[in-house]
Amino acid sequence: MINVQTSINKEESGFRDLKFDRLVDSVKGRRVAMAVSGGADSLLSLVLLKESGAEVVAVHGVFISSEHSEKAVSGLSRRCAELDVEFHSLDLVSDFNQMVVEPFVTDYLIGKTPNPCARCNPAIKFGKIFAACEKYGASMLGTGHYVRIAEHSDFGKVLVRGADSGKDQSYFLSLVPSEKLHKAVFPLGGMSKKAVYEELEKREIEIPLPSESQEICFVPDDDYRLFLQNKGVQLPEGGKIILSDGRQVGRHEGLWRYTQGQRKGLGIAWSEPLYVLDKEVNENTLVVGTRNELDSYGCTASGANILVDHELWPAEVLLQTRYRQKAKPAKVVVDGEFLKFEFLEPHTRPTPGQIAAVYSNDGAVLAGGVIEKES
């Protein structure tokens, strides 16, 4: 059995003030619910929990009624029977539509670029599924996220980036309340994606859904524009494209088609590349500018989810405003439900609707919020 939570060298990683949970120590003899999707990550997580001495119950949430969902349920039912693991399937189609899909559509209609995965985690996985797991007598919930839980010398128990920087998913969990995270277990936190497939192959365990899931599970072919067009809602029409000085340089085809920082698809011939700077929803106007104008020095996020007492935060934090973005130094003021950031070096312009995730220098997640505006 591999020791998944200590599979990296702490001194090399820079996590010198963190004590990572060992999977066996955290779950042995406990009843743990494992959220399984049908993919490799959650399947190996289930196996590792069972091998670590946990009494495991597998829980699969059906979010979309489809042939794909039926295949996942039937495949997981067979795998769990082979592994001698109790299996439950939950019909969450209505909840998922109400709590994730409908807000996704609404956000685009009001000019935002939503992050449905970050919304799904607190509302569905650590909301509806978490509540159902308690009914099955489980004291903890396991997921296949590439993140870790650790004891920090300054902050106490914290959520920490996964060891595989290319797969780290802490950004998407930054809106989950701390009381839920403290009852979570993440068996893959110390592993790489390559190792996951190697471990399943070693055990000769077949994956019910072997293909990787798409970026947004409910959007076919990751084409959100076509998805919105097929929803039957009244989408905003086209309008002016202007420079930051007010000069009109073209026409857009609906603000919902664009996002801050976008370069391609603007259809504007100009002396240098132009990027989307802002969307003025009330005027139905798209504002564009040069690369230099894309730099931003602050933003405000709402719905602050404080994971570590902000009195314990360092004077300078690291802020990540996109998933595939390196976190950069910032100062932050906590003002009620708002997080107000001052960037200490330029950021690419933050996108309203995306997540602002706050980290310490050693990768602990301090807070998360939803970006409202540049400031």
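Beyond its neighbours within four places in sequence, Leu228 is in contact (heavy atoms within 4.5 Å) with Phe104, Val105, Tyr108, Val233, Leu235 and Trp256. The model is predicted: local features need pLDDT of at least 70, side-chain atom pairs count only at pLDDT 80 or more, and totals for chains, interfaces and linings use all residues. Residues are numbered from 1 along each chain as its sequence is written, and side-chain values use heavy atoms, leaving out hydrogens and water.

Leu228 also belongs to the largest nonpolar core, which has 50 residues. Such a core is a set of buried Ala, Val, Leu, Ile, Met, Phe, Trp, Tyr and Cys residues joined through side-chain atoms within 4.5 Å. Buried means under 20% relative accessible area (1.4 Å probe, protein chains only). Phe104, Ile129, Phe186, Phe218 and Leu228 have the most contacts inside this core.

Helix α6 gives the largest share, nine residues. Apart from this core lies another, of 29 residues, among them Leu43, Val47, Leu49 and Phe87.

Now the helix pair. Helices α3 (residues 40-51) and α8 (residues 193-202) pack at about 60 degrees, axes 10 Å apart. Axes are lines fitted to C-alpha atoms over the stretch in contact, and angles run from 0 to 180 degrees between N-to-C directions. Ala40, Asp41, Leu43 and Leu44 of α3 meet Lys193, Val196, Tyr197, Glu199 and Leu200 of α8. By class, this contact has six nonpolar, no polar and three charged residues.

How values were computed. Helix = DSSP H or I, 4+ residues; strand = E, 2+ residues; numbered from the N terminus. Nonpolar A, V, L, I, M, F, W, Y, C, P; charged D, E, K, R; others polar.
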